[in-house]
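Please consult the sequence and structure shown here while reading.

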Amino acid sequence: MQLTTTRSGDEAVVTIAGDVDAETSPQLEAELNTLFSGGATSLVVDVEAVSFLGSSGLSVLIGAHRTAERFELRRGNRIVDRLISLTGLGLLYGDSEPA
Amino acid sequence: MNLRTRLSLVAAGFIASLVAIGAVGAQLATDRLEAAKSAGELTALAEKALRLNSAYVDMESGERGFIIGGSEVFLEPYNRGEAAVDELQAALVQGTTKFDRQTRTILDATIAAGGAWREQAGRELSLRRSFGRAKAEEEVASQIGKERFDTLRASLGRLSSRLVDAQRAASRHREHRARQLSTLLLAVPIIGVLFTGLMALAIRRWVARPMDRMLAAVRLIAAGDLSSNVEVGGADDVAEVGASIDAMRATMADRLAESDRLREVADRAREAIEQSATVTLQLRSELANELGDFPPGWTAAANLLPAEGWVAGDCYDVTLVAPHLLGVIVIDIAGHGAAQAVVALRCKEILRAALRMRLEPGAALGLLAQQVGDLHPSFVTAFVALVDTTTGACRYANAGHPPALLADHDNTVHELEPTGPLLGVFAGTWTTKSAQMAPGAKFAVYTDGLTEARDDADVFYGMERFAELVVTLPCEVAESVIKTCFDDLHAFRPSRLSDDVTIVLVCRECEAS
């Protein structure tokens, strides 16, 4: 898993590439926590290059959704879209109703 | 003081005493020899004194014979005596020089008395030669010669006595020294015996006894008694060996106490493990309980393989909630381990109670969401189904769980997808959907630990592989299908799993043809 982070004021964009599984999700969680404690309130997560998203990774994204004042998960990755659809977590995409 | 120094000091003392004895002995021997020599010389001098006396007597006899007879022939003893007197007096003077002053004084007085008498005798002899016998007799009658001779004799007597006394004194001195020397020589073996005894005593006290104590202490230690202090004593270096043994004993005692403490900790840990193992096994049996008997024509089997230990975040239940109603519950809590297992168990109890209360699967999930509330940062996915064993009608609800598979007799696979979001994070509603299990149908519910298991090349096990396996296996007995599925998973990934894996399988027999 590779993480790329860009900060602009209160907004942070995190680009994730590779697998987000039980082994790598703690790294993602640590990165997001660093951003939040550094003052970021708006978070955009780009998962276009994600090859796998497991339940542990999903748990981290749900946590970030709760912490951030504004959270946006960018659509466009088939694997992630399918998972979000299966788990009914359309709220992560900003949908008003569960998928 | 160490042992070598102590023994060296004792040996040095012994050698010093031997040297002292030797020195004193040599002095005594020399002294004795001197005394013997003196005694010999004094004997010779005394003999000379006697001969001097005889010589003077000869002179006196010769003088008297000449005065009476007038012939020079009568004077011969006088002359012979006079020569002897001179010789003896010279020898006496020489011989007595090294003795005491008193002897010398007596000798001098004797020589003087002899000279005085010889002067008178010479006058009388001249008178006889010049004026005849009468004139000489007249001189003799004056008694001067006799008086002087008497004086001489007395003096000679004193000299002899003096020399004899001196000789006896020297002899006594020699004998005294000889006795002292004998006594001294007798002391040598006595000192040797004393030294030997002293050495034996010292070695016993400095070496033997400490060694005995050391041996006893080491035997005690060997026997396992580490509580007694080792006190050896003795010479410094011997005592140091004892102190080292005591230090060794103390170290061993400390280590033993430490290992006792560790053993106690280990015992407590083992007891704790035993206690928690009981709880764990109980928990596991609750998570994956034995399936009961099912109506004829129906078999069901299930298995749960935890990623770690014996308990998991997965949980299942396949049970008859009514005589012809089979309830199927599969729950997956995000994460795996004991804490998740407790949540899973709680969820299972709520869902089972809901199904027994005849709630529809969707409503059961709604009740569960209401009961568990917010589980952040964890969440739950669940699959709930009710199968009517008389009709094969299946009603199900899926809360964000991987699609269950329903394979018909003709191998058509239906994926029973989510009917609502996962639980414990966001609010939601869960609808109940219907499906049909015709004779020969297989109904499989699994957790994502199965499809997301990866092999060494990081390839996922995947739903397709599982679906194919379920479709192709004959389903007379659900149990054997489950076993084949897990064998296949193990072949795919022989190493430890990263997430819990659960598979539940319900089979409906084909109708007898």
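## The sheet of chain A

In this predicted model, strand β2 (residues 11–20) and strand β3 (residues 42–53) of chain A are joined in the parallel sense through 9 bridges. Within this pairing, Ala17(A) has Ala49(A) in β3(A) as its bridge partner. Helix α2(A) packs on the sheet, where it touches β2, β3 and β4 of chain A. The direction of α2(A) makes about 170 degrees with that of β3(A).

The sheet itself is open and contains 4 strands in the order β1-β2-β3-β4 (chain A), with mixed pairing. Its edges are formed by β1 (2–8) and β4 (70–73) of chain A, each of which pairs on one side only. On average, neighbouring strands are turned by 15 degrees against each other, direction ignored.

## The sheet of chain B

Chain B has an open sheet of 5 strands, ordered β1-β10-β9-β6-β7, and the pairing is antiparallel. Strands β1 (298–305) and β7 (413–416) of chain B each have a single partner strand, so one side of each lacks a neighbour in the sheet. From one strand to the next, the twist averages 15 degrees.

Strand β9 (residues 442–446) and strand β10 (residues 501–508) of chain B run antiparallel and are connected by 5 bridges. Among the paired residues, Ala444(B) has Leu505(B) in β10(B) as its bridge partner. Helix α9 (residues 463–472) of chain B packs on this sheet and touches β6 (404–407), β7 and β9 of chain B. The direction of α9 makes about 35 degrees with that of β6(B).

## Helix packing in chain B

Helix α4 (residues 144–222) and helix α5 (residues 236–287) of chain B pack at an angle of about 10 degrees, and their axes are 10 Å apart. Angles under 35 degrees count as roughly parallel, and α4(B) and α5(B) are therefore roughly parallel to each other.

On the α4(B) side, the residues of this contact include Trp206(B), Pro210(B), Met214(B) and Ile221(B). Those from α5(B) include Val238(B), Gly242(B), Ile245(B) and Arg249(B). By class, the contact of α4(B) with α5(B) comprises 10 nonpolar, 1 polar and 1 charged residues.

## Contact between the chains

The contact between the chains involves 14 residues from chain A and 21 residues from chain B. On the chain A side, α2 (55–67) and α3 (78–87) each supply at least two residues. The largest share of that side, 6 residues, comes from α2(A). The side of chain A that touches chain B has 6 nonpolar, 7 polar and 1 charged residues.

Conventions
Residues are numbered from 1 along each chain as its sequence is written. Chains are lettered from A and ligands numbered from 1 in the order in which they are written. This is a predicted model: local features need pLDDT of at least 70, side-chain atom pairs count only at pLDDT 80 or more; totals for chains, interfaces and linings use all residues. Two residues are in contact if their C-beta atoms, placed from the backbone, lie within 7 Å. Ala, Val, Leu, Ile, Met, Phe, Trp, Tyr, Cys and Pro count as nonpolar, Asp, Glu, Lys and Arg as charged, and the others, Gly among them, as polar. Two strands pair if DSSP finds at least two bridges between them. Axes are lines fitted to C-alpha atoms, for helices over the stretch in contact, and angles run from 0 to 180 degrees between N-to-C directions. Angles under 35 degrees count as roughly parallel, over 145 as roughly antiparallel, 65 to 115 as roughly perpendicular and the rest as oblique.
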